[in-house]
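Hi there,

Here is the structure I promised to pass on.

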Protein chains: 2
Amino acid sequence: MRLHRSRGRAQAGATLLEGPHLVGAAIDAGHRLGTVFATSGDAVGTELARRGGAELLAVDDRTLQRLGTTEAPQSPIAVMAVPTDQPPPGGRVIVAWGLADPGNCGTLIRIAAAFGYGFLAGPGSAELWSPKVLRAAAGAHFTLRLGRVDTLEAVRAGGRTIVATVARGGMAPGTLPASAAILVGNEAHGLAAEIVSAADMRVTIPTSGAVESLNAAVAGAIVAYLGVAGPGTNLSAS
Amino acid sequence: MRLHRSRGRAQAGATLLEGPHLVGAAIDAGHRLGTVFATSGDAVGTELARRGGAELLAVDDRTLQRLGTTEAPQSPIAVMAVPTDQPPPGGRVIVAWGLADPGNCGTLIRIAAAFGYGFLAGPGSAELWSPKVLRAAAGAHFTLRLGRVDTLEAVRAGGRTIVATVARGGMAPGTLPASAAILVGNEAHGLAAEIVSAADMRVTIPTSGAVESLNAAVAGAIVAYLGVAGPGTNLSAS
């Protein structure tokens with residue numbers, strides 16, 4: 001339960017994986033697990049512990065509930081050492097820059113994996129390997145390279161083009177250079193002015209004006225998809 | 001606090017708005033509020049109650065905490081009668097079909113408003129006016145027409161083209177007919193096979209294959225954006 005808290009995870013260098021999907025994805029990706037906690041009737045959890053070469057501890061429903069970080073945690077729950085930071089050295093990336101919400105960060109990691117990007121977490125962004133971020137990313141952590149980054153200069157490494165997503169004043173989204181770094185800013189405040197002006201390109205998703213802005217992860221998803229997909233097809237004619 | 005629960009809201013015909021942004025959006029849209037609860041130091045909340053012609057009750061932080069549905073609720077909190085269902089009679093809509101998660105439903109309502117769509121909640125979808133859905137939609141409820149719908153035939157009303165979003169086998173997303181109804185299915189299971197085969201078009205967002213599927217709201221956002229935006233611009237040449 002120390003691993004429920006950021007400080008506890010930092011001290012232990014470990015995090016919690018909850019549910020058969022995440023635990024299975026970690027094992028498939030070759031990660032070694034520590035203890036696996038499974039309810040006694042959970043055959044899938046038992047098999048996952050065996051397959052992962054991990055210590056299995058049978059627990060009752062009430063203990064599982066206390067070990068999990070959601071209201072209704074799914075068995076099994078596994079302890080995993082937080083992997084070494086692996087910021088992708090070049091190529092397309094999505095960069096969370098001051099994006100504090102774990103759900104948004106996890107959703108962006110899933111989007112990055114879906115569209116062939118790496119992922120970087122900049123200053124002020126959520127903890128990459130927290131249970132909430134892992135849950136929102138639905139296993140995507142195990143399919144791409146990701147790591148933390150402290151400066152815009154580090155994002156530029158490998159000759160990347162910095163693309164700032166902004167609520168107004170940017171170009172419409174479209175195909176991006178193969179070395180694009182898409183910066184997604186804070187949920188409430190967006191990207192800081194100095195980051196926007198230091199960027200190589202600014203992209204704004206045109207909206208009807210009925211809402212102030214799009215959800216940060218949604219905006220990142222549209223820019224990232226169009227970045228690799230090129231012009232859309234006209235389905236009207238079909 | 002009865003309004004924290006779905007049943008309580010149904011019995012009272014009312015819901016809770018939390019925080020100055022949502023309360024202000026409701027007043028701006030002409031909704032009459034019931035009681036407004038504000039902490040004594042909250043000048044904005046006091047002014048909102050006056051502007052909304054609502055009864056103001058000063059509460060302490062602890063009471064506000066109990067009235068709110070989040071861990072750290074923001075003052076003011078207002079009671080509002082749930083508006084009459086107003087399913088848009090024609091034109092573009094996004095349709096949540098078995099989309100159970102309130103956060104996903106609210107995000108889709110925000111997306112619908114941003115791109116000029118109406119919104120329909122089909123069978124098995126989250127309650128349109130729950131505090132969680134209101135929070136995720138960030139005020140978008142007050143800027144579009146939305147309502148519940150029970151059958152695919154009702155979605156077709158006004159000559160709509162049914163566009164099913166599917167994880168595989170559909171066309172790439174692109175410009176949609178002006179009367180498109182974009183169906184977004186359940187988070188875990190997608191749309192039921194009979195709904196997919198009854199649709200007029202099936203759309204799949206091409207992904208790298210590294211993840212099993214996209215988040216439902218993210219998929220809906222990309223299809224909805226391209227539906228109105230047409231082909232993207234090529235930013236590589238800029």
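Below is what turned up, going from the whole pair of chains down to single residues.

One thing to keep in mind from the start: this is a predicted model.

**How the two chains sit together**

Let's begin with the big picture. In general, two copies of a chain are related by a rotation about an axis and a shift along it.

Chain B brings 41 residues to the contact and chain A brings 41 residues. Together they bury about 3,300 Å², with 66% of that on carbon and sulfur atoms.

What about polar links across the interface? Eight residue pairs are in polar contact between chain B and chain A, counting pairs with both residues at pLDDT 80 or more. On the side of chain B that touches chain A, the elements giving two or more residues are α5 (102-114), β9 (174-175), β11 (201-203), α9 (216-229) and β12 (233-234). Sorted by class, that side of chain B has 24 nonpolar, 15 polar and two charged residues. As for salt bridges between chain B and chain A, the rule finds zero.

**Salt bridges**

How many salt bridges are there over all chains? A search of the whole structure finds ten. One of them pairs A:Glu127 with A:Arg9, with the closest N and O atoms 2.7 Å apart. This pair links distant parts of the chain, 118 residues apart: A:Glu127 is in the loop between β6 (118-121) and α6 of chain A, and A:Arg9 is in helix α1 (residues 6-12). A:Glu127 is partly exposed, at 26% relative accessible area, while A:Arg9 counts as buried at 8%.

In chain B, the side chains of B:Glu127 and B:Arg9 also meet in a salt bridge, at 2.7 Å from N to O. Again the partners are 118 residues apart, with B:Glu127 in the loop between β6 (118-121) and α6 of chain B and B:Arg9 in helix α1 (residues 6-12). B:Glu127 is partly exposed at 27%, and B:Arg9 is buried at 8%.

B:Glu153 and B:Arg156 are three residues apart in helix α7 (residues 152-156), which separates them by about one helical turn. B:Glu153 is exposed at 56% relative accessibility, and B:Arg156 is partly exposed at 22%. Over in chain A, salt bridges with shared partners join A:Glu153, A:Arg156 and A:Asp200 into one network.

Most residues other than glycine have a negative phi, and most peptide bonds are trans. Where does this model depart from that? The bond between A:Ser75 and A:Pro76 is cis, with omega about 0 degrees, and the one from B:Ser75 to B:Pro76 is cis too, with omega near 0 degrees. B:Pro76 lies in the loop between α4 (61-67) and β4 (77-81) of chain B.

Then there is A:Ala138, which is not a glycine but has a positive phi near 55 degrees. You'll find A:Ala138 in the loop between α6 (131-137) and β7 (146-148) of chain A.

**Around B:Asp42**

Is B:Asp42 buried or exposed? B:Asp42 is buried, with a relative accessible area of 12%, and it lies in the loop between β2 (33-39) and α3 (43-51) of chain B. Leaving out residues up to four places away in sequence, B:Asp42 touches B:Ser75 and B:Pro76, the two residues of the cis bond in chain B. The side chain of B:Asp42 makes a polar contact with the side chain of B:Ser75 at 2.6 Å, and also reaches the backbone nitrogen of B:Val44 at 3.3 Å.

Happy exploring!

Terms used: Residues are numbered from 1 along each chain as its sequence is written. Chains are lettered from A and ligands numbered from 1 in the order in which they are written. This is a predicted model: local features need pLDDT of at least 70, side-chain atom pairs count only at pLDDT 80 or more; totals for chains, interfaces and linings use all residues. Side-chain values use heavy atoms; hydrogens and water are left out. Contact means heavy atoms within 4.5 Å. Buried area is the accessible area (1.4 Å probe) that two parts lose on being put together, summed over both. A salt bridge is a side-chain nitrogen of Lys or Arg within 4 Å of a carboxyl oxygen of Asp or Glu. A polar contact is a pair of N or O atoms within 3.5 Å; within protein, one must be able to donate a hydrogen and the other to accept it, and residues adjacent in sequence count only if both atoms are side-chain atoms. Helices (H or I, at least four residues) and strands (E, at least two) are DSSP runs, numbered from the N terminus. Ala, Val, Leu, Ile, Met, Phe, Trp, Tyr, Cys and Pro count as nonpolar, Asp, Glu, Lys and Arg as charged, and the others, Gly among them, as polar. Buried means under 20% relative accessible area, exposed over 50%, partly exposed in between (1.4 Å probe, protein chains only).
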